[in-house]
Amino acid sequence: MRGCLLLFLCALPCIARTGEPPAFAGNYGHAATASADDVVWQVEEAGHHWRVTLLTTGETHDAHRLQARGRDAFWSRMDWPLESSAEADCLTWGDKPGSLQDLLADTPPAPSAPGEDYGHAVLCHVPPAARARIGWIADNASDWFYHDPLLGGIEARALR
């Protein structure tokens with residue numbers, strides 16, 4: 001009986017995490033590297049935000065988790081079904097990519113509060129049911145993808 005209680009207490013933290021959003025802390029790679037285990041980004045929790053390090057250059061960026069408004073803005077820009085954004089969990093960093101409308105405006109758009117808009121880079125976890133509704137990532141083997149204006153979208157992998 002004592003052994004069963006100990007086993008239950010050890011499993012309790014795992015049970016408590018069920019249903020929570022994924023923890024972003026860890027190492028990530030993508031399909032464009034020489035080896036499937038090559039680490040491209042390292043994500044660390046840094047207080048109330050995250051820090052992303054691009055290992056090839058050592059460049060670091062403060063990142064934040066996208067809230068519903070930010071995910072919807074990104075999903076709209078990608079022309080994906082908005083209802084699938086509710087199941088996603090995303091980190092973003094860097095300045096939001098400019099649009100033609102931004103370039104033609106007399107004044108730059110007002111900055112958004114953290115989490116309300118996406119930045120230059122976006123790293124998302126999208127569960128299979130939501131991914132199936134997005135043609136562009138429906139066939140990905142991984143629940144993760146990365147997007148930036150230069151690379152576009154690419155399947156990412158959590159390497160933890």
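Buried residues are those under 20% relative accessible area, exposed ones are over 50%, and partly exposed ones lie in between (1.4 Å probe, protein chains only). The model is predicted, so local features need pLDDT of at least 70 and side-chain atom pairs count only at pLDDT 80 or more, while totals for chains, interfaces and linings use all residues. Residues are numbered from 1 along each chain as its sequence is written, and side-chain values use heavy atoms, with hydrogens and water left out.

**The whole chain**

Display the chain as a cartoon. Its secondary structure comes to four helices and eight strands; helices (H or I, at least four residues) and strands (E, at least two) are DSSP runs, numbered from the N terminus. The order of elements from the N terminus is α-β-β-β-β-α-β-α-β-α-β-β. Of the 160 residues in the chain, 32% are buried.

**Helix H2**

Select residues 68-78, which form helix H2. Its buried residues are Gly70, Arg71, Phe74 and Trp75. They are on the same side of H2 because they cover an arc of only 130° around the axis, the arc being that of the directions from the helix axis to the C-beta atoms. Strands E5, E6 and E7 are among the elements that cover these residues. Then select Asp79, which follows H2 and has a positive phi, near 60°.

**The nonpolar cores**

Next, select Phe24, Tyr28, Trp41, Val43, Trp93, Leu123 and Tyr146, the residues with the most contacts inside the largest nonpolar core, which has 16 residues. A nonpolar core is a set of buried Ala, Val, Leu, Ile, Met, Phe, Trp, Tyr and Cys residues joined through side-chain atoms within 4.5 Å. At least two residues of this core come from each of strands E2 (41-46), E3 (49-54), E5 (89-93), E6 (121-125), E7 (144-148) and E8 (152-158). Apart from this core lies another, of 14 residues, including Trp75, Ala88, Tyr118 and Val126.

Centre the view on Trp93. Leaving aside neighbours within four places in sequence, Trp93 has contacts (heavy atoms within 4.5 Å) with Trp41, Val52, His61, Asp62, Ala63, Gly119, His120, Ala121, Leu123 and Tyr146.

**The disulfide**

Select Cys90 and Cys124, which form a disulfide with sulfur atoms 2.0 Å apart; the cut-off for such a pair of cysteine sulfur atoms is within 2.5 Å. Cys90 lies in strand E5 and Cys124 in strand E6, so the pair ties together parts that are 34 residues apart in sequence. The link is right-handed, with 110° about the S-S bond. Both Cys90 and Cys124 are buried. The whole structure has one disulfide.

**Salt bridges**

A search of the whole structure finds four salt bridges, each a side-chain nitrogen of Lys or Arg within 4 Å of a carboxyl oxygen of Asp or Glu.

- Select Arg65 and Asp89, whose side chains meet at 2.9 Å, N to O. Arg65 is in strand E4 (residues 59-65) and Asp89 in strand E5, so the pair ties together parts 24 residues apart in sequence. Asp89 is buried, at 8% relative accessible area, whereas Arg65 is partly exposed at 27%.
- Select Glu87 and Arg133, with their closest N and O atoms 2.7 Å apart. Glu87 lies in the loop between H2 and E5 and Arg133 in the loop between helix H4 (128-131) and E7, so this pair ties together parts 46 residues apart in sequence.
- Select Arg131 and Asp143, whose side chains meet at 2.3 Å, N to O. Arg131 is in helix H4 and Asp143 in the loop between H4 and E7, twelve residues apart. Arg131 counts as buried at 8% relative accessibility.
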